[in-house]
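Reader: I'd like to go through this one with you, helix by helix. Could you take my questions as they come?

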Amino acid sequence: CISKAAPYITDELGFSKVQMGWVFAAFSWCYALFEIPSGWLGDKIGARKVLMRIVLWWSFFTAATGWAWNLTTMIMTRALFGMGEAGCFPNITKSFMTWLTPHERVRAHGIMWLCARWGGAITPLVVAGVLEYVSWRRAFELFACFGIIWAFFFYRWYKDNPRDNPKVNAAELALMPKAEDLILGHGKIPWLKMIQSPTVWRLWIQYFCMNFPWIFYVTWLPTYLSEERHVEAGMGALLAGFPLFFGGIGSFFCGMFLPYLSRQIANVTLARRLIAMSGLLGASLMFCLFPHIGNPVLGMLILGMASFGNDLAMPPSWAACMDVGGKFAGTLSGSMNMIGNFGAAV
């Protein structure tokens, strides 16, 4: 929402590009810093309460973004926004641990990231339409409503322990992992073991590298298309959704194809590495090609393919956190997302 509204915000509040960059970065820094605490909290008290708090918090601060009146209040609002939104994906990962069998988790992450990316892909178009009728301030208030509606239905249905949900039958329960082993992370978090693990360090570093270029799609891309490629507003809103649209397809494709590939080569780790490495290599090549493409539509298709390759690595990354982290998956995936958002903030 803020990426499409950024030109309106800078015009009304008189922000320079650098000042708007600090607004974007304030979110990412605080999001990163609170990833581990929110992931840890999900391990401690369960994903249900934490996800409820997160979505209600981000809904309020979505609206509050429209109430800022200068640089200081905007940075403070976005910082608090990031602080509260942190931990969403680690706690979703925690819920996948308790509700899904191991062979379904990668597929679930593929579907989840498809929805996350496509939500971001259609938002510029929706915002462009909304801004035809209301100010950017009212647009943020309107978008805040969706999270509140979701929270009501989620809290009624979701349980940390699937056995507490009357809709889950005995046959489904027999397939699920033992909930008592995964729901809550009793005892101390094994920080030293995590820090000493080469696997954890590789997860952190690759996620930093993935997020460093990706954040451009949800911050500066609409402004770039308008000011550097001189694309009119409606077409710019459409083109700005290309990377997230193709990224969602990449995540979904990986989630569907990876279990098949794992069975074919009888090696889950190798299958994950092959898909992730191929995707990130392809994304890098597309990024190198992009500056040499003059046509904005073709250029955005190239960026779309870069995003497709980038997101081939998403389900394997989060699945690895579940496998390595066990009942501390929320904490470990939070640490990975923290490092990734440091890359975004930079």
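This is a predicted model: local features need pLDDT of at least 70, side-chain atom pairs count only at pLDDT 80 or more; totals for chains, interfaces and linings use all residues.

Reader: How are helix 3 and helix 19 oriented to each other?

Author: Helix 3 covers residues 35-45 and helix 19 covers residues 329-345. They pack at an angle of about 165°, with axes 7 Å apart. Angles over 145 degrees count as roughly antiparallel. So helix 3 and helix 19 are roughly antiparallel.

Reader: Which residues of helix 19 make that contact, and what hand is the crossing?

Author: Helix 3 passes helix 19 in a right-handed crossing. From helix 3 come E35, I36, G39, W40 and D43. Their partners on helix 19 are A329, G330, T331, S333, G334, S335, N337 and M338.

Reader: Which residues of helix 3 are buried, and what do they pack against?

Author: The buried set in helix 3 is E35, I36, S38, G39, G42 and D43. Of the names in that set, E35, I36, G39 and D43 also turn up in the contact with helix 19. The buried residues pack against helix 2 (17-33), helix 4, helix 6, helix 11 (191-195) and helix 19.

Reader: And what comes after helix 3, with what phi?

Author: The residue to look at is G46, which follows helix 3. Its phi is positive, near 100°.

Reader: At what angle do helix 6 and helix 7 pack?

Author: Helix 6 (residues 88-99) passes helix 7 in a right-handed crossing. On the helix 6 side, the contact uses F89, I92, T93, F96 and M97, and on the helix 7 side R105, A108, H109, M112, W113 and A116. The axes are 10 Å apart, and the angle is about 145°.

Reader: What does I92 touch, leaving out residues up to four places away in sequence?

Author: Outside its sequence neighbours, I92 touches L51 and M112.

Reader: Is T65 buried or exposed, and what polar contact does its side chain make?

Author: T65 lies in helix 4. Buried means under 20% relative accessible area, and T65 is at 0%, so it is buried. Its contacts beyond four places in sequence are I2, M74, T77, R78, F81, W136 and F140. With R78, the side chain of T65 makes a polar contact of 3.0 Å.

Reader: How about T123: where does its side chain find a backbone oxygen?

Author: T123 lies in helix 7 and is buried, with a relative accessible area of 18%. Further along the sequence, T123 touches C1 and F143. The backbone oxygen that lies 2.5 Å from a polar atom of its side chain belongs to G119.

Reader: Which residues does M256 contact beyond its sequence neighbours?

Author: M256 sits in helix 15 and counts as partly exposed, at 31% relative accessibility. M256 and I111 are 145 residues apart in sequence, yet 8.8 Å apart in space, C-alpha to C-alpha. The contacts of M256 are R107 and I111.

Reader: And what does I249 touch?

Author: I249 is placed in helix 15, and at 29% relative accessibility it counts as partly exposed. Its C-alpha is 8.2 Å from that of D311, which is 62 residues away in sequence. I249 touches L114, W118 and F308.

Reader: Last one: which residue's side-chain oxygen reaches a backbone nitrogen at the start of helix 14?

Author: Helix 14 (residues 233-240) has G236, A237, L239 and A240 buried. Their cover includes helix 1 (2-13), helix 7 (102-130), helix 13 (221-227), helix 15 (242-265) and helix 17 (296-311). At the start of the helix, the backbone nitrogen of G234 is reached to within 3.0 Å by a side-chain oxygen of E232.

Definitions and conventions:
Residues are numbered from 1 along each chain as its sequence is written. Side-chain values use heavy atoms; hydrogens and water are left out. Buried means under 20% relative accessible area, exposed over 50%, partly exposed in between (1.4 Å probe, protein chains only). Helices (H or I, at least four residues) and strands (E, at least two) are DSSP runs, numbered from the N terminus. Contact means heavy atoms within 4.5 Å. A polar contact is a pair of N or O atoms within 3.5 Å; within protein, one must be able to donate a hydrogen and the other to accept it, and residues adjacent in sequence count only if both atoms are side-chain atoms. Axes are lines fitted to C-alpha atoms, for helices over the stretch in contact, and angles run from 0 to 180 degrees between N-to-C directions. Angles under 35 degrees count as roughly parallel, over 145 as roughly antiparallel, 65 to 115 as roughly perpendicular and the rest as oblique. A crossing is left-handed if the near helix is turned anticlockwise from the far one by less than a right angle, and right-handed if clockwise.
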